[in-house]
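Dear colleague,

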Amino acid sequence: MADATTETSKKKLVRDLQRVITDAEELLHATANETEGKVVEMRERIRENLLAARHKLGDIEESVAARTKEAARATDEYVHEHPWQSIGTAAGVGLLIGMLIARR
């Protein structure tokens, strides 16, 4: 369960980072006509940081995808090795959800 929460958090982090990168790129584009020294320096630093962030983001996305595939494979293996236990667990969870819904 903690792995699922971690994966969800990582996916949210990836989405948030993508938004930040997109916003920063739009800011760079909007200030492209500025030629003052400080603005040019800051724009170059931002561009370098964005490039580094894109690389890190790619690594995180690959890690999340790999872990998700591994979790799916492990789940598939478990269900194939223990079909009746899986059916019982699914039925129990379904019963609990049904009871909770019926209470409302």
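The protein has three helices and zero strands, where helices (H or I, at least four residues) and strands (E, at least two) are DSSP runs numbered from the N terminus. Read from the N terminus on, its elements follow the order α-α-α.

This is a predicted model, in which local features need pLDDT of at least 70 and side-chain atom pairs count only at pLDDT 80 or more, while totals for chains, interfaces and linings use all residues. Residues are numbered from 1 along each chain as its sequence is written, and side-chain values use heavy atoms, with hydrogens and water left out.

Regarding overall dimensions, the radius of gyration of the protein is 23 Å, whereas a compact globule of 104 residues would have one near 13 Å. This radius is taken over C-alpha atoms, and the globule rule is 2.2 Å times the number of residues to the power 0.38. Along the principal axes, the C-alpha atoms fill a box of roughly 70 × 35 × 15 Å.

Of the 104 residues, 10% count as buried (under 20% relative accessible area; exposed is over 50%, partly exposed in between; 1.4 Å probe, protein chains only). Among contacts (heavy atoms within 4.5 Å) with a separation of 6 or more, 66% are accounted for by residues 24 or more positions apart.

Finally, Val93 lies in helix α3 (residues 83-103) and is partly exposed, with a relative accessible area of 43%.

Yours sincerely
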